Amino acid sequence: MQTLVCKQFGPLDDLVMEDQPSPPLGDGDVRISVTACGINFVDALLCEGKYQIKPPLPFRPGSEVVGRITEIGTGVTAVAVGDRVFAPVGFGGFSDEVVTSSMRVLRLPDAMSDGQGATFTQSYLTGWFALVTRAKVEAGKTMLVLGAGGGVGLAAVDLGRALGLRVIAAASSADKRELASSKGAFATIDSSTEDVKERAKELAGGSIDYLYDPVGGDLGVACLRALGEDGQYLVVGFVGGIQSLPANQVLLRNRRVTGVDWGAWVGRHPKENQQMLMSVLEWIADGRLNPVEPAAYPLSQAVQALKDMQNRKVAGKVILVP
Ligand SMILES: NC(=O)c1ccc[n+]([C@@H]2O[C@H](COP(=O)([O-])OP(=O)(O)OC[C@H]3O[C@@H](n4cnc5c(N)ncnc54)[C@H](OP(=O)(O)O)[C@@H]3O)[C@@H](O)[C@H]2O)c1
């Protein structure tokens, strides 16, 4: 099988595409012929050794796949050969074939394309965890989403609208802002030219209630000040750098800062995560949620796709197609 391997932490150019023997199938496993592997910002961080978790080397990146089951191991009854499934495999997804436990795979609803199926898990479960479990958002309130044209941000726009929030989307390019509007943002801000904090306050009619922040850095610090009384800052990610938040600005207006660490929470709460996944799938199947159709790169262009995502060239999500 073709698979991307990280042999040492460092630049993405050090990643190598290898031809490896097909992995053996254990009891309870399924073999999947991959049709789409989703890319997340975290994949690049992991390969560069910049993520909080450092897998033992060598490792094979890629956490979400969709494909057809080609073989099942002893004792597998829930799925069958030929089923179109998605699998949050954790590692090894940037491959044309994966072997994983049948417990991890689910049939993909007809409503979803292969690309959507390979790209929604991390972004939508992070968003659901942040907005429903952590923030307990109330319909009718206003949320500003930073990095709203990226994977995590765009999912938050879609979820926010579905939960009845008034969503303002900040993004640096016209195509990202258009995508955010198409997912239900009532207004957008050009984060490359406008003062995001001031513009968000104007658009919200005074102040915002929630700040969904996968970007961090100076932009995150500035936008904290757009939150009104009891406003909540959701700390989701740091693509723009890890920010220090001024405590006086948290005290003022009784603001709250809420950490969102879905990635680590999943490991401790697999049952709750499965319930969340089923809720997200139900909302996608009945049309309440509408994950973006991703851009596609050939699997052989995996490094280029990772670089384009890191360099902010991607609007929405990206998949690798074997
Ligand atoms: N807390 C959790 O449990 C959790 C779960 C999943 C992911 N995350 C984190 O969420 C963050 C976003 O992930 P993602 O998959 O949405 O990434 P993404 O698709 O690449 O989107 C990130 C967006 O951030 C903006 N950005 C601003 N400054 C940037 C910079 N210096 N470099 C790159 N992008 C920059 C870009 O939008 P503009 O060009 O419009 O500025 C880009 O579209 C990552 O830090 C990831 O680790 C957290």
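This tour moves through the structure one selection at a time, from its domains to its cores and then to its charged pairs.

The model is predicted, so local features need pLDDT of at least 70 and side-chain atom pairs count only at pLDDT 80 or more, while totals for chains, interfaces and linings use all residues. Residues are numbered from 1 along each chain as its sequence is written, and side-chain values use heavy atoms, with hydrogens and water left out.

**The two domains**

Begin by colouring residues 2–119 together with 292–321 as domain 1, and residues 123–262 as domain 2; such bounds come from an automatic or database domain assignment. The C-alpha centres of domain 1 and domain 2 are 29 Å apart. Their contact (heavy atoms within 4.5 Å) takes 9 residues from domain 1 and 12 residues from domain 2. About 770 Å² is buried between domain 1 and domain 2, with carbon and sulfur atoms giving 55% of that area; buried area is the accessible area (1.4 Å probe) that two parts lose on being put together, summed over both.

What polar links cross between the domains? There are 4 residue pairs in polar contact between domain 1 and domain 2, both residues at pLDDT 80 or more. A polar contact is a pair of N or O atoms within 3.5 Å; within protein, one must be able to donate a hydrogen and the other to accept it, and residues adjacent in sequence count only if both atoms are side-chain atoms. The count of salt bridges (a side-chain nitrogen of Lys or Arg within 4 Å of a carboxyl oxygen of Asp or Glu) between domain 1 and domain 2 is 0.

**The nonpolar cores**

Next, select Phe 120, Leu 131, Met 143, Val 145, Tyr 212 and Val 280, which touch the most other members of the largest nonpolar core, a set of 46 residues. Helix H3 (121–134), strand E8 (142–145) and helix H10 (270–285) are among the elements that each supply at least two residues of this core, and at least three residues come from each of domain 1 and domain 2. A nonpolar core is a set of buried Ala, Val, Leu, Ile, Met, Phe, Trp, Tyr and Cys residues joined through side-chain atoms within 4.5 Å. Buried means under 20% relative accessible area, exposed over 50%, and partly exposed in between (1.4 Å probe, protein chains only).

Centre the view on Phe 120: beyond four places in sequence, Phe 120 touches residues including Glu 64, Phe 86, Leu 277 and Pro 291. A second, separate core of 36 residues includes Ile 39, Val 42, Phe 94 and Met 309.

**Arg 31**

Now select Arg 31, in strand E3 (residues 29–39); strands (E, at least two residues) and helices (H or I, at least four) are DSSP runs, numbered from the N terminus. Is Arg 31 buried or exposed? Arg 31 counts as buried, because its relative accessibility is 12%. Its side chain reaches the backbone oxygen of Pro 23 at 2.8 Å. Arg 31, Glu 71 and Glu 97 are linked in a network of salt bridges.

**Further salt bridges**

The structure holds 16 salt bridges. Select Asp 190 and Arg 177, whose side chains meet at 3.3 Å, N to O. This pair links strand E10 (residues 187–190) to helix H5, 13 residues apart. Asp 190 is buried at 14%, and Arg 177 is buried at 17%.

Finish at Glu 138 and Lys 141, with their closest N and O atoms 3.9 Å apart. Glu 138 is partly exposed at 47%, and Lys 141 is partly exposed at 27%.
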